[in-house]
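Have the structure open beside you as you read. We'll take a walk through it, starting with a charged residue and its partner.

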Amino acid sequence: MRDHRPRTTASLLDDSQIGNIQQRAIALSKLDKAVKQHLDCSDHCRVSNYRQGTLIIETASASWSMRLNYERNNLIRKLREQLLPQLASIEVKVNPALAAVERKQEDKAPDIVQKPISPLAAQYLLTTAKNAPDKVKKKLERLAALAANKRQE
């Protein structure tokens with residue numbers, strides 16, 4: 001017969017592959033924190049995997065890869081002492097996507113402030129548009145219309 005009693009979420013996770021994935025993610029997160037503490041590279045690198053005694057670290061650029069390779073032996077020694085006694089080697093890979101994430105975080109600083117188009121600049125745009133090809137003419141007229149819209153607001 002089946003057991004139809006309600007079960008907790010934790011018991012469901014323990015019995016399935018999801019629980020294994022969750023445990024592995026927690027372990028990788030701990031490794032990531034340990035590596036970042038030792039190297040002070042929180043924005044430029046991350047632990048991506050650990051398998052068969054090899055720790056795989058992704059970096060944002062080749063220069064960070066060189067720095068990690070330089071620190072490799074010290075990092076292996078520290079991680080063996082603290083978390084992974086079975087650690088055999090560290091593999092460093094360059095992942096340019098990390099640099100893109102890094103740039104996005106830097107870009108979140110101030111918003112771009114658009115200066116309004118002055119009426120004189122709008123007049124110059126309209127004058128230029130008279131002699132321009134149709135495609136350029138439409139764009140110049142739209143730009144000039146922005147000056148009129150700014151004055152109304």
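Glu58 is buried in this predicted model, because its relative accessible area of 17% falls under the 20% cut-off. Its salt-bridge partner is Arg46, and the closest N and O atoms of the two sit 2.9 Å apart. Arg46, at 36% relative accessibility, counts as partly exposed. The pair ties together distant parts of the chain: Glu58 belongs to strand E2 and Arg46 to strand E1, 12 residues apart.

That's one of 4 salt bridges found in the whole structure. Another joins Glu81 and Arg77, with 3.9 Å between the closest N and O atoms. Here both partners lie in helix H4, 4 residues apart, or about one turn of the helix. Glu81 is exposed at 58%, while Arg77 is partly exposed at 41%. Lys93 and Glu91 form a salt bridge too, at 3.5 Å.

Now for the greasy inside. The largest nonpolar core has 20 residues, and Val35, Leu55, Ile57, Leu87 and Ile90 touch the most other members. Several elements supply at least two residues each, among them strands E1, E2 and E3, but helix H2 gives the most, with 5. Pick out Leu87 and look beyond its neighbours within four places in sequence: its contacts are Tyr50, Gly53, Leu55, Ile76, Leu79 and Arg80. A second, separate core has 7 residues, including Ala122 and Leu125.

How far can you trust all this? The chain's average pLDDT is 81, and 78% of residues score at least 70.

Definitions and conventions
Residues numbered from 1 in each chain as written. Predicted model: local features only at pLDDT ≥ 70, side-chain atom pairs only at ≥ 80, totals over all residues. Heavy atoms only, no water. Core = buried A, V, L, I, M, F, W, Y, C linked by side-chain atoms within 4.5 Å. Buried < 20%, exposed > 50% of the residue type's maximum accessible area, 1.4 Å probe, protein only. Contact = heavy atoms within 4.5 Å. pLDDT = per-residue confidence, 0-100. Salt bridge = Lys/Arg side-chain N within 4 Å of Asp/Glu carboxyl O.
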